[in-house]
Amino acid sequence: MTKRVSVLFTVILLAASSGFAKDKTKPTLPAYVLSARTITVIVDPQAGMSVDNPQANQVAQKDVETALLNWGRFETVMGTPGADLIVVVHKGHKRMVDETIPDPRQNNRAGAINPTNNGIAIGGQHGRQPDLSSGPAPISTQSNSPSQTEIGPTDDVFIVYQGGVADPLDAAPAWRYVAKDGLHSHNVPAVEEFRKAVAETEKAAAKKP
């Protein structure tokens, strides 16, 4: 079986090793986060499907969408066009080096129904997710290999980027959270930490003359 090595989120791995996710000394977010009204959640385009848990990333995506809907600050939309913020999620692997299956269809969803505390939200997306980076195409679209060896984070990853710009994933993120079980179902700690960061930024902005 042919395998290829994909080095994913090198910066994130360095951040995780240095404890960046737990650094609360600089909570201030860019102004565009506070003014954002719409948000979308996508699976990391570089992520493959885990052999042990093929639906891990997509389950995490829906869990994050539900948590954001329950928060109520943003309108959750499907697909990146029209989204003020783009959240990229990547479920951590059990091992630093893991076998995954390339699947470029992870972000091509025809529709979703997400439960919330007060009801459901229904959305739809048509066609292929547009390219979000000017870099090389994900390995999943470059190879017909049935599997690949993926080097990625063992912790869960949640990254917020600005939407409505060219190649959004090539820009510096507005905020990131890398932690064990950060995308845990139901409580989704990453969304709660993002909510706190937004609240802290608004509090700091209110104190400025």
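User: How many of the residues of β11 are buried?

Analyst: In this predicted model, side-chain atom pairs count only at pLDDT 80 or more, local features need pLDDT of at least 70, and totals for chains, interfaces and linings use all residues. Residues are numbered from 1 along each chain as its sequence is written, and side-chain values use heavy atoms, with hydrogens and water left out. Strand β11 is mostly covered, where buried means under 20% relative accessible area, exposed over 50% and partly exposed in between (1.4 Å probe, protein chains only). Strands (E, at least two residues) and helices (H or I, at least four) are DSSP runs numbered from the N terminus, and the buried residues of β11 number five of five.

User: Which residues cover the two faces of β11?

Analyst: Both faces of the strand are covered. On one side lie Trp 175, Tyr 177 and Ala 179, all buried.

User: In what order do the strands of the open sheet lie?

Analyst: Strands of a sheet pair through backbone hydrogen bonds, either parallel or antiparallel. Two strands are taken as paired if DSSP finds at least two bridges between them. Here five strands form an open sheet with mixed pairing, in the order β4-β2-β5-β10-β11.

User: Which strands are at the edges of that sheet?

Analyst: An edge strand here pairs on one side only. That description applies to β4 (75-76) and β11 (175-179).

User: How many bridges join β10 to β11?

Analyst: Strand β10 covers residues 156-162 and runs antiparallel to β11. Across this pairing, Asp 156 stands opposite Ala 179, Ile 159 stands opposite Arg 176, and Val 160 has Trp 175 as its bridge partner. The bridges joining β10 to β11 number five.

User: Which residue of β10 stands opposite Ile 86?

Analyst: β5 and β10 pair in the antiparallel sense over six bridges. β10 is itself mostly covered, with six of its seven residues buried. The residue of β10 opposite Ile 86 is Tyr 161.

User: At what angle does α3 run to β2?

Analyst: Helix α3 (residues 56-71) lies across β2 (38-43), β4, β5 (85-90) and β10. Axes are lines fitted to C-alpha atoms, for helices over the stretch in contact, and angles run from 0 to 180 degrees between N-to-C directions. By that convention, α3 runs to β2 at about 165°.

User: Which strands does α5 lie across?

Analyst: Helix α5 comprises residues 189-207 and runs at about 145° to β11. The strands that α5 lies across are β5, β10 and β11.

User: How do the residues of the contact of α3 with α5 divide by type?

Analyst: Contact means heavy atoms within 4.5 Å, and in this one Val 64, Ala 67, Leu 68 and Trp 71 of α3 meet Val 191, Phe 194, Arg 195 and Val 198 of α5. Ala, Val, Leu, Ile, Met, Phe, Trp, Tyr, Cys and Pro count as nonpolar, Asp, Glu, Lys and Arg as charged, and the others, Gly among them, as polar. The residues of this contact divide into seven nonpolar, no polar and one charged.

User: What is the relative accessible area of Asp 167?

Analyst: Asp 167 lies in the loop between β10 and β11. Its phi is near 50°, a positive value in a residue other than glycine. Asp 167 is partly exposed, with a relative accessible area of 32%.

User: Is Val 188 buried or exposed?

Analyst: Val 188 is found in the loop between β11 and α5. Although Val 188 is not a glycine, it has a positive phi of about 45°. At 1% relative accessibility, Val 188 counts as buried.
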